Amino acid sequence: MPLELAICEAAAALRRRGADEFHGYQIARTIGDAEHVRLLTAYGTLYRALARLEKMGLLRSRWEDPAIPARENRPGRRLYTLTALGDAAVDEARRAAEAAVRPRARRRFAPA
Amino acid sequence: MTIALAAALASVRAWTRIYTARMEPAVRDARRSEIESDLWELHEDARGRGASPTGIAIHIVLRLVLGVGDDVLWRAEQLHVRPRVVREALWAGAAASLVFVWWLASTLQAVDRDSRVDSIDVVRLLYPMRPVASVPPLPAPPPLPARSATKNLELRIKNSSSRP
């Protein structure tokens, strides 16, 4: 599930930058701006993946207070948060990716 | 707002209304509001970055088109339709679309090739890649019976009708 993983990683990156909550477009933009991936997250793909992650318990969502969008004259946002389970999934995926890279690196520097 | 951008926004809204139609109101409204919010955020963000309205329109249309399959699958999940059935329907739809595009392209080519614009060959329109065979001439009608033979026939009919 590369998109689901990319969403969780982007959510973790946003939290490191101080944004605990994020909306759909914000995550699409973060994924699109990532240096190692150039994904154009389609509407259907993104929101289906977000719904799946929420169902799996890796994300949690809430609608923002309607007074805020009314004041700012814009549509209301659905705000997502990465849960502890989502955090653990990101860590696990990172460890798995590192473990997959390590043997290859070792092989490259092994004496002939 | 340019026509292209307005059309792109209208397309996303129309498609969202279509695939969320006749769903549970809470789910339907949530999805529609989320897409509406995304459209607004994308538009504002792209405008802030100095993107042209046509560029924004292309971006929106691409995000729409690439996600159509997932939209349909999401609807199927919400309505508890078996994903295999939906996937097969999607493949059938994609195949039908390809055939239609091929037919349309060939038809346009055929019409373009024909210099007489006022007389469109209907057979060629229906079967653009099949060469149209020329219709063979009708066979000649049988020769008319000779006058004496006709006379004999008339007499025979008269005799048979006058007999008791």
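This is a predicted model: local features need pLDDT of at least 70, side-chain atom pairs count only at pLDDT 80 or more; totals for chains, interfaces and linings use all residues.
**View 1. Chain A from end to end.** Chain A is built from 5 helices and 3 strands. Of its 112 residues, 41% count as buried. The chain exposes about 6800 Å², and carbon and sulfur atoms supply 54% of that area.

**View 2. Helix H2 of chain A, mostly under cover.** Take a look at H2(A), where 7 of the 10 residues are buried. Those residues are A:Gly24, A:Tyr25, A:Ile27, A:Ala28, A:Thr30, A:Ile31 and A:Gly32. What covers them? From chain A, the cover includes helix H1 (2-16), strand S1 (21-22), H3 and strand S3 (78-82).

**View 3. Two helices of chain B crossing.** Here the axes of H2(B) and H3(B) come within 10 Å and cross at roughly 145°. On the H2(B) side, the contact is made by B:Asp38, B:Leu39, B:Leu42, B:His43, B:Ala46 and B:Arg47. H3(B) brings B:Ile56, B:His59, B:Ile60 and B:Arg63 to the contact. As for handedness, H2(B) passes H3(B) in a right-handed crossing.

**View 4. A nonpolar patch on the surface.** A:Leu40 teams up with B:Ile58, B:Leu62 and B:Leu66 in this patch, and together they have about 350 Å² of accessible area. Where does A:Leu40 lie? You'll find A:Leu40 in the loop between helix H2 (24-33) and helix H3 (43-56) of chain A. A:Leu40 counts as partly exposed because its relative accessibility is 34%, and partly exposed is the class between buried (under 20%) and exposed (over 50%).

Note on methods. Residues are numbered from 1 along each chain as its sequence is written. Chains are lettered from A and ligands numbered from 1 in the order in which they are written. Side-chain values use heavy atoms; hydrogens and water are left out. Patches are made of residues with over 30% relative accessible area and no salt bridge: like charges are joined within 9 Å, nonpolar side chains (Val, Leu, Ile, Met, Phe, Trp, Tyr) within 5 Å. Accessible areas come from the Shrake-Rupley method with a 1.4 Å probe; for residues, only the protein chains shown count as cover. A salt bridge is a side-chain nitrogen of Lys or Arg within 4 Å of a carboxyl oxygen of Asp or Glu. Helices (H or I, at least four residues) and strands (E, at least two) are DSSP runs, numbered from the N terminus. Buried means under 20% relative accessible area, exposed over 50%, partly exposed in between (1.4 Å probe, protein chains only). Contact means heavy atoms within 4.5 Å. Axes are lines fitted to C-alpha atoms, for helices over the stretch in contact, and angles run from 0 to 180 degrees between N-to-C directions. A crossing is left-handed if the near helix is turned anticlockwise from the far one by less than a right angle, and right-handed if clockwise.
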